[in-house]
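Hello,

Here is the structure I promised to pass on to you. Have a look at it first, and then read on for what turned up.

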Amino acid sequence: MSKTAIVVLSDPKSGSEEALGRLFNAMFVAYELKEKGQEVALIFQGAGTRWVGEIVKADHPAHNLYEAIKDTIAGVCGGCADVFGATAAAKATGLSLVREKEIPGTTGVINLSRYLDEGYRLLTF
């Protein structure tokens, strides 16, 4: 069975349609792979950690899709959320803030290399 890790890096604060398009495309792939019964891990990393506070809002255009795929979310990068001011919003969602890899100057980040070591394909949006 295929395993895919999907990393959302786009920044909602950019205010661009491209950033929203990247989010949607990441979530579309997660939805499609979930439908196929494949293993999928959706990860919010970097400035992408800011999305989690937005997509939980019922009036956000991606909210319904979020509800359909939230069980595929592997976590929100804790160190990234700290840097990009998204920690409080991420905690409020109940999603996991992941700090599994110590990186100097951070409070710990998601270990993306672990996914590669475990045979996942890695997609970035």
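**Charges, fold and salt bridges**

In the protein chain, the mean position of the 13 positive charges and that of the 15 negative charges lie 3 Å apart. Please keep in mind that this is a predicted model.

On to the overall architecture. The protein chain contains six helices and five strands, and starting from the N terminus its elements follow the order β-α-β-α-α-β-α-α-β-α-β.

A few totals go with that. Buried residues make up 46% of the 125 in the protein chain. If you take the contacts between residues at least 6 apart in sequence, 70% of them connect residues at least 24 apart.

How many salt bridges does a search of the whole structure find? The search gives eight, and among them is the one between Arg-50 and Asp-11, with an N to O distance of 2.7 Å. Arg-50 sits in the loop between strand E2 (39-44) and helix H2 (52-55), while Asp-11 sits in the loop between strand E1 (3-8) and helix H1 (17-35), so this pair ties together parts that are 39 residues apart in sequence.

Another salt bridge joins the side chains of Lys-57 and Glu-54, at 3.3 Å from N to O. Are these two partners buried, partly exposed or exposed? Lys-57 is partly exposed because its relative accessible area is 39%, and Glu-54 is partly exposed as well, at 30%.

Glu-118 and Arg-114 also meet through their side chains in a salt bridge, with 3.4 Å between N and O. Glu-118 has a relative accessibility of 36% and so counts as partly exposed; Arg-114, with 26%, is partly exposed too. Which residues are linked in a network of salt bridges here? The network consists of Glu-100, Arg-114 and Glu-118.

Happy browsing, and do write back with any thoughts.

Best wishes

Methods:
Residues are numbered from 1 along each chain as its sequence is written. This is a predicted model: local features need pLDDT of at least 70, side-chain atom pairs count only at pLDDT 80 or more; totals for chains, interfaces and linings use all residues. Side-chain values use heavy atoms; hydrogens and water are left out. A salt bridge is a side-chain nitrogen of Lys or Arg within 4 Å of a carboxyl oxygen of Asp or Glu. Helices (H or I, at least four residues) and strands (E, at least two) are DSSP runs, numbered from the N terminus. Buried means under 20% relative accessible area, exposed over 50%, partly exposed in between (1.4 Å probe, protein chains only). Contact means heavy atoms within 4.5 Å. Lys and Arg count as positive and Asp and Glu as negative; His and the chain ends are not counted. The place of a charge is taken as NZ of Lys, CZ of Arg, CG of Asp or CD of Glu.
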